[in-house]
Amino acid sequence: MRFADLISGPVLVLFGFALAVWVIPIEAVPGDPGEIAPAFLPTVAAVVIAVLAGFQTVIAGMGRKKTPSDFDGSSVLFLLASAVVFGLVIALIMNFGFIIGGISSTALIGFLMRPKGSERWWLLIIAVTLPLGSYQLAWHGLRLSLP
Amino acid sequence: MDLILLGIQDALTLTTLLTVAAGVCLGIVVGAIPGLNAPMAIAIAVPLTFYMTPLAALAFLISVNKGGSFGGSISGILLNTPGSPEAAATAIDGYPLARKGRPITAMQTALGASVCGDLFSDIVLVLVAAPLALVALKLGPVEICSVVIFAFAMISGLMGNSLIKGLIATALGIFFATIGTDPTMSMPRLTFDNINLVSGIPLMAIGIGMLALSEVLIQIEIYLRDSRSGAKEAVEIQSLPDDRLTPRIFLAIWRTVLRSAVIGTFIGALPGLGATIAGFLGYGAAKRASKNPEKFGKGEIEGVAAAEAANSAVVGANLIPLLTLGIPGNVTSALLVGAFIIHGVAPGPWMFEEHGRLIYSMFTAMIIANFLNWIIGGAGLRLFAKVLAIPKPVILPALVFLCITGSYLNDQSFFAIELTIAFAIFGFLMRKLGYPFVTFIIGFVLTPMLELSLSQAYILMEGNIAALVNYPIALALVAMTMAVIVRAFLRGHEPGP
């Protein structure tokens, strides 16, 4: 975890610091005397994040032993790819609705997982029936219309 | 007494029974699939309960949890891959027992022990919740504020690998919970002029994103990595031999089941400790008490029963802190807070005064759910085992669609979907970097209570922290909080459950 801690620690220090010094004073109104200000709790949280993340960075920096971590370059690549796919999924659903968008996005994610043999047919069946079924369930069961 | 009878009457309707049965089935199926678990199913299912009555909704969600508690053991026993982390201890003896040609005996033992453990903790919940709630109702804002802070310290110290990361995750949860309208001055706070954020971040966007969708992402990554490295993931469930657990064998291990049920109930009642640790403690206690400890790990029925009774006993007991103090002890309880609020019920000790009938009907439904779990689980054992063969490229994309639909149904806006996806990515990062996402969610859920009690306490104490000496309970809780933090630091960063 040392590598992961050395990455996440400074990022969180900056995040907490930016919140406490810059974001919260702009985004939260000052309170009345005798009452707890709206900015109080988020500021405390931001300071706690920054201070503890600083401790974590120092501890990770001083640590000699490397403990196993499953966060590596491939995780970052996977996360970036997932963000792109999710962006596509949102675009498909927003533009074509839950039926067409749902069918295409379910099939897209499934085929990106490289199904083999009969798995492809099962994937196609699920990709078609699930959005259609969900649409009908939302309409008849919950009285809600999915776009 | 009238409330209790009315509650029982409400629960004994066909609608409630069908809802409970559906919840148990869903829970077993989801629990049986490796990588999926009951909290994930609850997160996705909460939006489906909008149009149910509060009783049906709560009974459904609690039944999913009960079914999931047993379902996790199926894949642990048949594949040595626990469906959920809490079933890891069950697999220690369950898998060798299955390899000995007795998979049905192993699963029936797990089912029987799960139902007994769960039933025991439900009975304890029914007996202790009301008296404890009466005591809790006497607590003022200063004490409530101290209880919440103590819960944060305890949960942060017990979950994950390090107290520091637990506290950071809690602080992040608190920060995200403060986005929205400030409760004291009713002014927008941290909304960045986005109208969608004025009412705050919906709990379900966090629940579905961090619990369900981020777990799906993890599973997809594992699948892709395994398929690249050539690791064989294919699961083949052969026809199961026709072995059977006789009542005589099960009754012979009643002491083990009872001991584990007591351990699981105690662990479940404490916020922060989960079913996984209960399962291992129950298993360890059974091994120590056994005349043949050398048989454990080699397919001992007692080992299966001990682990399963203990981890299932956590399910009912977890509701004790929620119903008596309004504090969710684990992630399932945190999601139930969302379900309670959706149905206009604020969870906490006041529920016994304001919604007594609902509470007792919920208790009745919980006890019914145990029996239905036993009946449905027993009858469909072979069928439920078949869900293990569903290929990942079919189930995981379907779950992504269900998560997106669930988050849309919750808020009926595309913004909710965007938030869900953002929290899925955030949750993925938290898991990978070793930050306990459970403490994040509990921090998020408890912040409104913390902020309200804090502002009331501030007024009561006139801003003078020294006035805390007039509140001995709060003072003791503050001291306990300090003790928990200092102890956790002194113990170093030992791996948690």
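Predicted model: local features only at pLDDT ≥ 70, side-chain atom pairs only at ≥ 80, totals over all residues.
Residues are numbered from 1 along each chain as its sequence is written, while chains are lettered from A and ligands numbered from 1 in the order in which they are written.

So, how do the chains meet? On the chain B side there are 51 residues in contact with 54 residues of chain A, contact being C-beta atoms, placed from the backbone, within 7 Å. H8, H9 (203–229), H19 (392–411), H20 (414–433) and H21 of chain B each put at least two residues into that side. Helices here are DSSP runs of H or I, at least four residues, and strands are E runs of at least two, numbered from the N terminus. Which helix gives the most to the side of chain B that touches chain A? That's H19(B), with twelve residues. By class, that side of chain B has 36 nonpolar, seven polar and eight charged residues; Ala, Val, Leu, Ile, Met, Phe, Trp, Tyr, Cys and Pro count as nonpolar, Asp, Glu, Lys and Arg as charged, and the others, Gly among them, as polar.

Now H21(B), residues 437–460, and its partners. Take H8(B), residues 163–177: the two axes come within 7 Å and cross at roughly 40 degrees. Axes are lines fitted to C-alpha atoms, for helices over the stretch in contact, with angles from 0 to 180 degrees between N-to-C directions. That makes the pair oblique, on a scale where under 35 degrees is roughly parallel, over 145 roughly antiparallel, 65 to 115 roughly perpendicular and the rest oblique. The crossing of H8(B) with H21(B) is right-handed, meaning the near helix is turned clockwise from the far one by less than a right angle, with anticlockwise being left-handed. Their contact has eleven nonpolar, six polar and no charged residues.

The other partner is H7(B), residues 141–158, packing on H21(B) at about 150 degrees with the axes 8 Å apart. These two are therefore roughly antiparallel, and H7(B) passes H21(B) in a left-handed crossing. The contact of H7(B) with H21(B) has 15 nonpolar, five polar and no charged residues.

Have a look at Ile442(B), in H21. Buried or exposed? Ile442(B) is buried, because it has 29 C-beta neighbours inside 10 Å; the cut-offs are 20 or more other C-beta atoms for buried, 12 or fewer for exposed, and partly exposed in between, with C-beta atoms placed from the backbone. Leaving out residues up to four places away in sequence, Ile442(B) touches Ile155(B), Gly173(B), Pro328(B) and Ala334(B).

Last, two loops. Arg114(A), between H3 (73–112) and H4 (118–142) of chain A, has a positive phi near 50 degrees without being a glycine. Arg114(A) is partly exposed, with 13 other C-beta atoms within 10 Å. Asp193(B), in the loop between strand S2 (188–189) and H9 of chain B, also isn't glycine and has a positive phi near 60 degrees. Asp193(B) counts as exposed, with 8 other C-beta atoms within 10 Å.

Conventions
Contact = placed C-beta atoms within 7 Å.
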